[in-house]
Amino acid sequence: MSSFRHLSLAEKLNWISRQVELDHEQIAYLKNNSQNTAFVENFSENVIGSFQLPFSIIPNVHLDGNIHQVPFAIEESSVVAALSHAAKFCHQHGEISTYAEKPSILAEVFLPHLSTDKIQELKSSVHKIQMQLNDTVTKSMVKRGGGVTHIALIEKPPHFLLHISINPCDAHGANVACQVAETSCRILSKDHQINRAYGILSNYTDVLTHSACELHNLNSDLVDQMVDMNAFAQCSQQRQITHNKGVINGIDGVLMATGNDWRANSSNCIHYSAKHGPMTSWEKVGKNSLMGKLSIPLQLGVIGGLTTSHPTAKLALAILKNPSRTELSRIVAGVGLLQNFAALKAIASHQLVTGHMSLHVNNRLMAEGKSVNEKNIKHLQSLIQAQGYFSKDDIATL
Ligand code: MEV
């Protein structure tokens, strides 16, 4: 076979069907999808189809006195339902405010076994290197108010690191950070004869985005339950991970819809949370009042990458009225906190399973090859109401 990526779509389908014995129905499914496939081929390689996700709207999300219609891409319907409910509930009971620190992305260069002479040389050249970078690779960013803002020299004897901070303006900055890292290696080789240098962006950021939610006139049981759920996440690392997953459900829904790199953010959030504990906190600030807080390291973009090239991501940004990077970060932080509120409230009131299951009835019917009709849906929903669950055997009898 010539390289898989050079085959036409028909040839790729032919090849894969022979390798793994796809049946006619499966091949027809891929062929019927070929228009979408041709489009997504612009974004990746070895493509044989497109993988679709629901694109939803969370209506009327009130943040900082503004109303947003939030585009959301996720396959878990209970997440959308719970978030929509939380947005309404929290607006009725209070308000959410958000704040984002100035954006920054890091390019990192590792210099193994650097001699003391070379370290001294670099210390006296660091400003020049910053200027060289801003005159070349980040020149257009400097014009927009960004560029390389600082280079930290870090000694890890016998090794050495350069941490190059970049203000990427409205872009995520991953591409420019990689270019800065590689350009730095070239400068180090040409001007300083340092040839063992390894450069790459870092997905780490200490730039935080915050949201805070103050809710009043709540049922005092709900206040106590939320405080208990907060303690649960503080007490158990096992719970903390699931607690944070709920936050990330909200964050990733917006990130996916707007074409942002959710993997980079998840990686950052994992590190942040391992260091600082749960990403949100809830405390009682009065018998019927609650204060929730979220702080997360977010690295988003509203220009470049998929945000500009994928029509659905572009549409999502248009639905959000084309926010700046900072505005989008603040919306995401607000949504993350709302999603966490929704999950904790559902768990505390023992409504999670029934809410989740009743929204998953359609999926389960499809998965078991049953017709998704009103009679079947109603039957399974009545089982959930009566006993809190339904089983595979219950579906089999339909
Ligand atoms: C499910 O996708 C997310 C939750 O498990 C989050 C949580 O437990 O807080 C409901």
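Asn 14 is found in helix 1 (residues 9–20), where helices are DSSP runs of H or I with at least four residues and strands are runs of E with at least two, both numbered from the N terminus. At 43% relative accessibility, Asn 14 counts as partly exposed; buried means under 20% relative accessible area, exposed over 50%, and partly exposed in between, with a 1.4 Å probe and protein chains only. Asn 14 and Asn 219 are separated by 205 residues in sequence and by 61 Å in space, C-alpha to C-alpha. The model is predicted, with local features requiring pLDDT of at least 70 and side-chain atom pairs counted only at pLDDT 80 or more, while totals for chains, interfaces and linings use all residues. Residues are numbered from 1 along each chain as its sequence is written, and side-chain values use heavy atoms, with hydrogens and water left out.

Asn 219 caps the N-terminal end of helix 8, with a side-chain oxygen 2.7 Å from the backbone nitrogen of Asp 221. The 16 residues of helix 8 should span 22 Å at 1.5 Å a residue, and its end C-alpha atoms are 23 Å apart, which agrees; the expected span is 1.5 Å times one less than the number of residues. Buried residues of helix 8 are Leu 222, Val 223, Met 226, Met 229, Asn 230 and Ala 233. Seen down the helix axis, these buried residues fall within an arc of 125°, so they line one face of helix 8; the arc is that of the directions from the axis to the C-beta atoms. The face turned away from the buried side carries the exposed residues Asp 228 and Cys 235. Cover for the buried residues of helix 8 includes helix 4, helix 9, strand 9 (280–286), strand 10 and helix 13, contact being heavy atoms within 4.5 Å.

In the largest nonpolar core, of 48 residues, Phe 72 and Phe 341 touch the most other members. Such a core is a set of buried Ala, Val, Leu, Ile, Met, Phe, Trp, Tyr and Cys residues joined through side-chain atoms within 4.5 Å. Elements giving two or more residues to this core include helix 4 (77–93), helix 8 (220–235) and helix 13 (325–348). Helix 13 provides the largest share, eleven residues. Another core, of 29 residues, lies apart from it and includes Val 109 and Ile 187.

Five of the seven residues of strand 4 (residues 105–111) are buried, so this strand is largely enclosed by the rest of the structure. Strand 4 pairs in the antiparallel sense with strand 6 (residues 159–167) over seven bridges, pairing requiring at least two DSSP bridges. Leu 106 stands opposite Ser 165 in strand 6. Strand 4 also pairs in the antiparallel sense with strand 7 (residues 198–202), over five bridges, and Ala 107 stands opposite Leu 201 there.

Conventions: A polar contact is a pair of N or O atoms within 3.5 Å; within protein, one must be able to donate a hydrogen and the other to accept it, and residues adjacent in sequence count only if both atoms are side-chain atoms.
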